[in-house]
There are 2 protein chains.
Amino acid sequence: MARSDPGMILVAGGAGFIGSHLVARLLDEGNEVICLDNLQTARPSNLKLLEGRPGFTFVEGDITLPLPDAVTRHADRITRIYNLACAASPPQYQVDPEHTMLTNVVGTHHLLRLAERAGARFLLTSTSEVYGDPEVHPQVEGYRGWVSCTGPRACYDEGKRAAEALTFDYARAGRAQVRVARIFNTYGPHMHPDDGRVVSNLICQALSGRDITIYGDGSQTRSFCYVSDMVDALIRLMEWRSDALEPVNLGNPNELTVGELAEQVVALSGARTPLVHRPLPQDDPRRRRPDISRAQAELGWRPTVDLAEGLATTYAWFAQELAEERVPAEAA
Amino acid sequence: MARSDPGMILVAGGAGFIGSHLVARLLDEGNEVICLDNLQTARPSNLKLLEGRPGFTFVEGDITLPLPDAVTRHADRITRIYNLACAASPPQYQVDPEHTMLTNVVGTHHLLRLAERAGARFLLTSTSEVYGDPEVHPQVEGYRGWVSCTGPRACYDEGKRAAEALTFDYARAGRAQVRVARIFNTYGPHMHPDDGRVVSNLICQALSGRDITIYGDGSQTRSFCYVSDMVDALIRLMEWRSDALEPVNLGNPNELTVGELAEQVVALSGARTPLVHRPLPQDDPRRRRPDISRAQAELGWRPTVDLAEGLATTYAWFAQELAEERVPAEAA
């Protein structure tokens with residue numbers, strides 16, 4: 001790569017929820033971006049917003065397989081590799097647990113090999129799920145987690161833990177510069193209506209006038225980060241000057257119960273939708289809140305979008321999406 | 001496979017320490033056995049004891065790669081697959097952490113696919129390392145462990161946890177019958193003199209008159225199971241009638257400190273070898289003792305060889321091995 005060439009950025013999973021926002025932001029900043037995605041969980045509309053933008057290239061491919069030539073032929077120009085490729089909600093990643101595990105381990109391996117060959121920096125999006133159902137609250141990066149490696153969530157949780165191990169081994173051996181983000185619950189436009197995550201579930205139920213379902217008694221807590229804050233954090237982490245062999249929690253420490261979240265969504269909808277309780281899934285975490293001291297100190301980052309603002313934007317986006325989906329269906 | 005055909009047993013890692021004893025025992029019982037091994041940590045003499053025995057076939061191959069045709073062409077006759085393929089001592093598995101991770105995840109995946117295709121039952125040898133540096137003592141199977149997924153042991157510990165996850169996902173989906181053994185420290189003849197494990201280290205140091213090294217102050221504990229007991233347990237577990245989605249601890253609950261073990265070895269040697277202390281490696285577990293209630297209740301198994309007897313046999317075996325190695329070296 002010539003010194004004057006700013007290079008290219010590869011985003012695996014770039015058509016997904018967070019990935020599509022990240023790609024848009026990188027394009028906004030004038031980067032050339034290759035989006036590699038198998039379209040397993042991506043919404044076609046996410047891609048439509050990106051296609052045709054200057055500097056954007058889409059390559060369809062599955063990172064569990066050898067990387068497509070359309071990606072590897074740019075190895076000498078790729079300077080940054082973001083790995084966001086994996087279904088992230090339990091109903092989605094449990095459809096094919098074998099593929100989930102291989103996406104995390106074999107897929108990360110393929111991308112690390114490319115990072116080594118390209119001399120590119122590699123960022124893994126890991127997850128708060130590496131903490132499992134945590135006994136330590138809030139979760140700090142040094143906490144080793146309380147994860148079942150035999151249960152139905154293990155394909156994702158253990159897959160991400162294994163991906164972290166592999167990533168740090170590349171760094172320890174001097175084979176690649178790496179960054180590891182542990183992403184906590186994130187929400188915003190571009191979520192899939194059917195992905196089974198709590199924010200999209202609640203909003204779509206409210207919008208369609210269905211019962212609002214709450215798993216368990218609703219006392220389990222989550223901390224929700226708006227997607228623009230998350231994208232900001234990921235870019236800061238990628239450009240972090242430290243090669244410390246440490247993951248960094250990214251998320252919003254504003255913790256609330258799932259019951260409280262449901263009330264806020266119901267209030268946004270203005271409807272009097274009944275709340276229905278369903279059994280809590282196996283190994284569902286009871287509490288989840290990131291300690292983001294490291295991100296604050298090292299990246300100078302903190303979330304800026306509060307929940308009321310973020311929820312309203314997300315609600316409005318879903319309202320428009322569902323209305324647009326309804327039109328062709330009704331016209332048919 | 002005709003009903004009268006007893007079928008074949010595949011042992012991946014069958015040239016290694018425990019694997020070679022398992023293969024010998026399966027041959028003793030009249031089975032046809034394919035030993036698949038990449039010879040990464042196997043001692044050539046282990047194989048020499050097996051070669052030429054009726055029913056024995058050796059195939060050299062690495063399970064991270066597609067399985068050799070010499071194995072897969074027997075798919076319709078294979079009824080049992082034991083996976084013992086992975087370097088198991090920290091100095092060995094840390095030489096190439098990427099390969100260690102892939103052996104556990106990709107290798108296990110290849111063998112599970114073969115099990116599905118063959119309709120064979122699959123046994124994974126997992127490890128007490130899935131408990132990490134345990135906070136619960138003794139370790140029960142339900143304990144989720146205290147494992148660093150970012151440190152230098154993670155390639156093995158997290159690789160085995162991921163392999164367990166993948167294995168149980170095959171069972172949950174009805175794709176294969178599976179058994180998962182969590183093996184605690186095991187010792188006996190056929191260990192590699194240079195594998196860096198504490199029993200072989202101490203015995204080889206005593207036999208060669210070198211200083212006896214103890215890592216840390218020697219107060220860390222281990223529980224050592226003699227290899228014939230372990231082989232007995234593995235076969236019982238494979239033939240266990242239950243398809244419970246549960247791992248089973250296998251090991252000897254007779255716990256002692258590494259310092260006490262060193263004293264027993266010194267006593268066997270009759271020498272007055274000095275003890276030298278070295279720094280404890282990162283993430284070295286402080287205590288390790290299996291709770292084997294499940295194995296006792298479900299498999300009717302308990303270890304029968306006591307430490308004094310097992311150590312004496314092992315010591316005598318190493319004495320002969322090292323003497324035989326010395327002869328050609330001195331003759332050269």
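In the predicted model, Phe122(B) stands opposite Val178(B) of strand E6 in chain B. This pair belongs to the contact between strands E5(B) and E6(B), which run parallel and are joined by six bridges. Strand E6(B) is largely enclosed by the rest of the structure, since six of its six residues are buried. Val178(B), Val180(B) and Arg182(B) point one way from the strand, while Arg179(B), Ala181(B) and Ile183(B) point the other way, and all are buried. In a regular strand, side chains alternate between the two faces of the sheet.

Strand E6 of chain B, residues 178-183, is also joined to E11(B), by three bridges and in the parallel sense. Here Ile183(B) stands opposite Leu250(B) of E11(B).

Within helix H5 of chain B is Gly107(B), which counts as buried because its relative accessibility is 0%. Apart from its neighbours within four places in sequence, Gly107(B) is in contact with Ile63(B), Thr64(B) and Leu102(B). The C-alpha atom of Gly107(B) is separated by 29 Å from that of Trp301(B), and the two residues lie 194 residues apart along the chain.

In chain A, strand E1 (residues 8-12) is largely enclosed by the rest of the structure, because five of its five residues are buried. Both faces of E1(A) are covered, with Met8(A), Leu10(A) and Ala12(A) buried on one side and Ile9(A) and Val11(A) buried on the other. Strand E1(A) pairs in the parallel sense with strand E4 of chain A, residues 78-83, over five bridges; in this pairing Ile9(A) stands opposite Arg80(A). A parallel pairing over five bridges also links E1(A) to strand E2 of chain A, residues 32-37, where Cys35(A) is the bridge partner of Val11(A). Together with helix H1 of chain A (residues 17-28), strands E1(A) and E2(A) make a right-handed β-α-β unit.

An unreviewed UniProt entry carries the annotation "domain: NAD-dependent epimerase/dehydratase" for residues 9-251 of chain A. Over these residues of chain A, the chain is 37% helix and 20% strand, and the end C-alpha atoms are 23 Å apart.

Several backbone features occur in loops. A cis peptide bond joins His137(A) and Pro138(A), with omega about -10°, and Pro138(A) is placed in the loop between strand E5 (121-127) and helix H6 (154-172) of chain A. In chain B, His137(B) and Pro138(B) are likewise joined by a cis peptide bond, with omega about -10°; Pro138(B) is placed in the loop between E5 and H6 of chain B. Leu39(A), although not a glycine, has a positive phi of about 60°. This residue, Leu39(A), is placed in the loop between E2 and helix H2 (44-48) of chain A and counts as partly exposed at 32% relative accessibility. A positive phi of about 80° is found at His190(B), which is not a glycine either. His190(B) is found in the loop between strand E7 (186-187) and helix H7 (198-208) of chain B, and it counts as buried at 12% relative accessibility.

Chain A superposes on chain B by a rotation of 180° with 0.0 Å of shift along the axis, at an RMSD of 0.0 Å. The two copies are thus related as by a two-fold rotation axis. In chain A, the C-alpha nearest this axis is that of Ala162(A), at 3.4 Å from it. The same surface serves both copies, as 100% of the contact residues of chain A recur in chain B.

Notes. Residues numbered from 1 in each chain as written. Chains lettered and ligands numbered in written order. Predicted model: local features only at pLDDT ≥ 70, side-chain atom pairs only at ≥ 80, totals over all residues. Heavy atoms only, no water. Pairing = 2+ DSSP bridges. Helix = DSSP H or I, 4+ residues; strand = E, 2+ residues; numbered from the N terminus. Buried < 20%, exposed > 50% of the residue type's maximum accessible area, 1.4 Å probe, protein only. Right-handed = clockwise from strand over helix to strand, strands pointing away. UniProt positions renumbered as here; feature names shortened; annotations may be inferred. Least-squares fit on C-alpha atoms with pLDDT ≥ 70 in both. Contact = heavy atoms within 4.5 Å.
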